[in-house]
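Okay, everyone, thanks for coming. Let me put the model up on the screen, and then I'll walk you through some of it.

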Amino acid sequence: MLVNSLTDEVNKRDASLRIIKLILQSDGRKGFYDLTGLAGGFPILAEDKALLETYAGPAVFEEAVQTLGKIHLGGEKILALNRTSSGILAAVLALVNEGDEIVHFLPKSPAHPSIPRSAELVGANYREFEDINDFEITDNTSLVFITGSTMDHEVINLKDFLRVIEISKSNEITVFVDDASGARLRTVVYKQPRAMDIGADITITSTDKLMDGPRGGLMSGKTDVMLQIKTKAHQFGLEAQPPLVAGMVRALENLSPERILEAFINKHDLYNGLINDFKGIKETPTGVMLKPEELKLELNNRDIITDINHNDLAYLFSMLLLRNHGIITIPAVGMPGTSSTIRIDLASNDAERITIQNIVESFSETLTQLIRIIDDTKACKSILYY
Ligand SMILES: *Cc1c(COP(=O)(O)O)cnc(C)c1O
């Protein structure tokens with residue numbers, strides 16, 4: 001294997017960041033295209049910075065995030081957190097005791113690790129369900145999670161969603177909807193209602209997913225439960241600090257359902273352009289994805305036999321795509337442990353600057369380049385670790 005450990009993954013990521021820096025130095029910001037869908041924009045204005053440097057700043061942005069957060073998510077009270085994971089942890093700390101049970105319904109496993117990890121931290125039992133017919137709660141259940149849209153953008157079926165809420169409500173159990181990407185994907189693309197409008201007690205969304213904000217968690221919920229969560233968040237330093245809140249406020253102001261819808265339409269062209277060379281390419285709600293196993297099959301179909309495992313092939317592909325075409329995908333820049341699926345998200349800001357044709361050609365050329373170096377371990381390593 002070429003990438004054997006978390007350390008290797010860190011080194012690979014560092015290599016990607018070095019390449020991005022070189023591109024920046026030679027061609028400026030227009031030299032690369034971040035198509036990860038996780039761009040982490042920070043769209044504050046010059047006057048915001050001046051305001052942040054005064055005592056008034058935090059109060060102004062705190063008030064603005066209450067207003068804009070409620071417009072986006074519904075609910076009674078907004079809490080801005082450092083990350084979505086931080087909000088999940090704060091809620092579990094506030095609402096779940098040792099020996100309790102947390103039950104999670106999601107369209108497809110695996111769950112985001114922050115949910116089972118938070119359960120483990122407080123000593124709660126944790127059970128996950130993908131099939132509504134299996135879903136059940138017990139006398140020990142103190143919190144029900146529902147994931148609206150998974151990390152791979154699998155979206156929950158509305159009927160299942162309503163059923164889980166109905167079962168939980170009839171047992172008076174608090175419902176927390178993890179709508180990290182779902183708050184936009186479910187509502188804009190699939191026309192589903194907002195979580196707070198169909199009976200959730202708490203919901204959270206990631207301000208860098210399908211919107212151009214900083215990485216952060218925007219939580220909304222009913223007043224009493226939000227006060228409990230806010231208290232825990234402050235005790236453990238999980239809340240967003242004023243500069244982050246300012247970035248979230250501006251990103252909420254810029255929110256563009258049109259861009260998400262446009263991506264939903266344009267992905268068909270991208271898919272049709274890629275399907276010839278990549279039989280295993282799949283559509284996602286706002287783009288396409290190529291699983292590492294499918295990339296390996298693609299090589300097998302061309303009678304190319306290699307010992308390199310599928311994850312390493314995906315890393316190599318992603319690094320070549322960055323180096324030679326300036327296209328950033330997650331396997332090149334993701335944190336250690338992130339999925340090695342190669343995903344293009346047309347709802348990314350940078351998608352406006354690159355044509356579908358250009359992406360298709362870059363993929364085909366990258367496949368050719370990968371095939372060219374595949375038997376040369378030294379060349380592969382120099383691509384991965386630069
Ligand atoms: C991204 C994501 C999270 C975590 O967001 P962070 O900002 O990384 O903490 C949680 N749940 C789901 C479903 C996600 O997609």
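Predicted model: local features only at pLDDT ≥ 70, side-chain atom pairs only at ≥ 80, totals over all residues.

Residues are numbered from 1 along each chain as its sequence is written, and side-chain values use heavy atoms, with hydrogens and water left out.

So, the sheet that β7 and β8 sit in. It's an open one of 7 strands with mixed pairing, in the order β2-β8-β7-β6-β5-β3-β4. For strand names, we take DSSP runs numbered from the N terminus (E, at least two residues; helices are H or I, at least four), and two strands pair if DSSP finds at least two bridges between them. β2 and β4 (125-129) are at the edges with a single partner strand each, so one side of each has no neighbour in the sheet. From one strand to the next, the twist averages 20°; angles here run from 0 to 180 degrees between N-to-C directions, with axes fitted to C-alpha atoms, for helices over the stretch in contact.

What lies across this sheet? Helix α4 (residues 84-95) lies across β2, β3 (101-105), β5 (141-147), β6 (174-178), β7 and β8, and runs at about 170° to β6. Helix α5 (residues 114-122) packs on the sheet too, touching β3, β4, β5 and β6, with its direction at about 155° to that of β4. By contact I mean heavy atoms within 4.5 Å.

There's another open sheet, of 3 strands, ordered β9-β10-β12 with antiparallel pairing. Its edges are β9 (282-284) and β12 (342-345), each with a single partner strand, so one side of each is left without a neighbour. Strand β10 (residues 287-290) is joined to β12 by 4 bridges, and Met-289 has Arg-343 in β12 as its bridge partner.

Now some helix packing. α11 and helix α12 (residues 310-325) have axes 8 Å apart and pack at about 90°, so they count as roughly perpendicular (that's 65 to 115 degrees; under 35 is roughly parallel, over 145 roughly antiparallel, the rest oblique). Helix α11 (residues 292-301) also comes within 12 Å of helix α14 (residues 356-373), axis to axis, crossing at roughly 70°. On the α11 side of that contact are Leu-295, Glu-298 and Leu-299, which meet Leu-367, Leu-370 and Ile-371 in α14. By class, that's 5 nonpolar, no polar and 1 charged. Nonpolar covers Ala, Val, Leu, Ile, Met, Phe, Trp, Tyr, Cys and Pro, charged is Asp, Glu, Lys and Arg, and the others, Gly among them, are polar.

On a 1 Å grid over the protein atoms alone, a cavity is a set of points where a 1.4 Å probe fits but cannot get out, a pocket is an open set with protein on both sides within 12 Å along at least five of seven lines, and lining residues have an atom within 4 Å of a point. The search finds 3 cavities of 30 Å³ or more. The largest cavity holds about 70 Å³, counted as the space filled by probe spheres set on the points, which are joined across faces, edges and corners. Its lining has 11 residues, with Gly-37, Met-211, Arg-259, Ala-347 and Ser-348 nearest the centre.
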